[in-house]
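Dear colleague,

I am handing over the structure we spoke about, with the sequence alongside it. Please have it open while you read the notes that follow.

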Amino acid sequence: MSAAEELADLVGSHRVSVHDGDLDKHSRDRSPRALIAHRRGDGANRPLCVVRPRTTAQVASVVGWANSTKTPLVPYGGGSGVVDGIAPAGAVVVELRAMNEIRDFDESSRLVRAECGVLGPDLQNALEEWGYVFGHQPQSIGISTVGGWIATRASGQLSTYYGNIEDLVAGLEAVLPDGTVVRSKTRPRSSTGPDVASLMFGSEGTLGIVTEATLRVSPLPDARLDVCLRFEHMRDGVAACRRIVQRGLRPTLMRLYDRDDSTLFLRSHPDEPPGNLLLLSFEGHGVDERAEEAMHLSRGERGDHGLVDHWWRHRNDAVGEYATTMSGTGLLGAHGVVDTIEIAGTWSSLRDLYHSVKTALAAEADFVGCHLSHHYVDGACLYFTIASATADDTAAEKRLDAWWEVAMQACASAGGTISHHHGIGRRKARWLRSEVDGWWDTLVTLKSVMDPNRIMNPGALGL
């Protein structure tokens, strides 16, 4: 019997597909290399079949079968990853979108349970009916899932206020590589040995499949106050961000564009000159006082505060624009290529990190812009956007490889971390060993113990 036939016996034939459209759709994520392969008609990464379990028990049955038959599995949420996290040739794709229930809202504790396949907009809409919001809002929110956020250790655009996904998960359920179902207790904090459940954060499907999470939610915010500031030099904007976050003013939004990146943001505002631009939004208690103090601390020139509202209304437009460019129908032409590289560093290293990586990328690309969008007391994330028009897809792939080579080298030399929130996938796997240093052998040992048959998303994280 084929894999599809055996799985049909486990979960029902209606939950298993070998349809060409399904195999093609689930053969890739949204990484540039995968999209280049797609636009030239390369279908080499197609899986054996796609299985769509509806319950945790069905996920456990599928994983148990895969472990016993030594068949590779690739978990698939929304397919929104951009670092080659999905390469299912010879594998079965476990598509988790059918697990999409939101339940057990505990208003007293501000907790809600959501299955792994719940999409961002569905979670937002449900919470808004109850008067609450989930603070995790990545740019990919319309096409990404709860399980995917956990698996990639994701961060949202409002992380400076709400925190990252690991801060917003109070408990989870997962299926381990042998088919065992495990559940962590929901608690505000616990000192009960190492937090083994946290292994699922950033595991990218290599150590198991997250099937459900208990999430921390917040009341819908009151009226928002927006502030736009301009700086002559990028270093002045970075210093302003550091002072604001270290003062504990907690803006909901804090986003600093360098001069090049601001040209993208201002493309629909031709009368606004590009520059080093800081967008701030404040919500909650004392917004007037916090905003006024932020403006005083920033020492920047006041800009058009209406630009902040424009960001809120168009903040996720780049998802569609990226897809258009990578399909070969955008402004960069049939063989245009765009990528993003997000790294992070401490405030003391950030200036060197920014200049080193940007200079290295500028030698290899037609356009390089950068913004800061995630801020901490001790540092921040640098998010680079790189683009080039090329003669053909082979040249586009060479550009991609060159960008990553020089960026990762410059990042390591300047003391940064190679990934802030996109994860590792296969694109960054070559540099992960040196990134985690002495912990690499521990990670390899953990993988061999938990997944001795190496069935779970082989190749991701370099495992």
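In helix H5, which spans residues 120–130, the buried residues are Gly120, Leu123, Gln124, Ala126 and Leu127. Viewed down the axis of H5, these buried residues lie within an arc of 170 degrees, so they line one face of the helix. Among the elements that cover the buried residues of H5 are strand E5 (102–106), strand E6 (111–115), strand E7 (132–133), helix H6 (146–152) and strand E10 (209–216). Just after H5 comes Gly131, which takes a positive phi of about 85 degrees. Please keep in mind throughout that this is a predicted model.

The one is Lys70, with a phi of about 60 degrees, and its place is the loop between H4 and E3; at 56% relative accessibility, Lys70 counts as exposed. The other is Asp437, with a phi of about 55 degrees, which is found in the loop between helix H16 (429–436) and helix H17 (440–450); Asp437 also counts as exposed, at 61% relative accessibility.

Next, the open sheet. Its 4 strands are arranged in the order E1-E2-E4-E3, and their pairing is mixed. Strand E1 (16–17) and strand E3 (73–76) are the edge strands, each of which pairs on one side only. E1 and strand E2 (residues 49–51) run antiparallel and are joined by 2 bridges, with Val16 standing opposite Val51 in E2. Helix H1 (residues 3–11) packs on this sheet, where it touches E1, E2 and strand E4 (92–95), and the direction of H1 makes about 10 degrees with that of E2. Helix H4 (residues 56–69) packs on the sheet as well, touching E2, E3 and E4, and its direction makes about 155 degrees with that of E3.

Strand E18 (residues 379–388) deserves a separate paragraph. This strand is mostly covered, with 10 of its 10 residues buried. On one side of E18 the buried residues are Gly379, Cys381, Tyr383, Thr385 and Ala387, and on the other they are Ala380, Leu382, Phe384, Ile386 and Ser388, so that both faces are covered. As for its partners, strand E16 (residues 337–346) runs antiparallel to E18 and is joined to it by 10 bridges, and in this pairing Ala344 stands opposite Cys381 in E18. Strand E17 (residues 367–375) is likewise antiparallel to E18, with 7 bridges between the two, and here His375 stands opposite Ala380 in E18. E17 and E18 form a hairpin that has 3 residues between its strands.

The axes of helix H3 (residues 32–39) and helix H15 (residues 393–413) come within 10 Å of each other and cross at roughly 175 degrees. That crossing angle makes H3 roughly antiparallel to H15, because angles over 145 degrees are counted in that class. From H3 the contact is made by Pro32, Arg33, Ile36 and Arg39, and from H15 by Asp393, Ala396, Glu397, Leu400 and Asp401. Sorted by class, the contact of H3 with H15 has 4 nonpolar and 5 charged residues, and no polar ones.

Finally, where does Gln157 lie, and which residues does it contact? Gln157 is placed in the loop between H6 and helix H7 (159–162), and this residue is buried, with a relative accessible area of 7%. If its neighbours within four places in sequence are left aside, Gln157 is in contact with Gln137, Pro138, Gln139, Leu253, Arg255, Trp311, Arg315, Asn316, Ser373 and His374. Between Gln157 and Ser348, which are 191 residues apart along the chain, the C-alpha atoms are separated by 23 Å.

With best regards

Key
Residues are numbered from 1 along each chain as its sequence is written. This is a predicted model: local features need pLDDT of at least 70, side-chain atom pairs count only at pLDDT 80 or more; totals for chains, interfaces and linings use all residues. Side-chain values use heavy atoms; hydrogens and water are left out. Axes are lines fitted to C-alpha atoms, for helices over the stretch in contact, and angles run from 0 to 180 degrees between N-to-C directions. Angles under 35 degrees count as roughly parallel, over 145 as roughly antiparallel, 65 to 115 as roughly perpendicular and the rest as oblique. Contact means heavy atoms within 4.5 Å. Ala, Val, Leu, Ile, Met, Phe, Trp, Tyr, Cys and Pro count as nonpolar, Asp, Glu, Lys and Arg as charged, and the others, Gly among them, as polar. Two strands pair if DSSP finds at least two bridges between them. Buried means under 20% relative accessible area, exposed over 50%, partly exposed in between (1.4 Å probe, protein chains only). The arc is that of the directions from the helix axis to the C-beta atoms.
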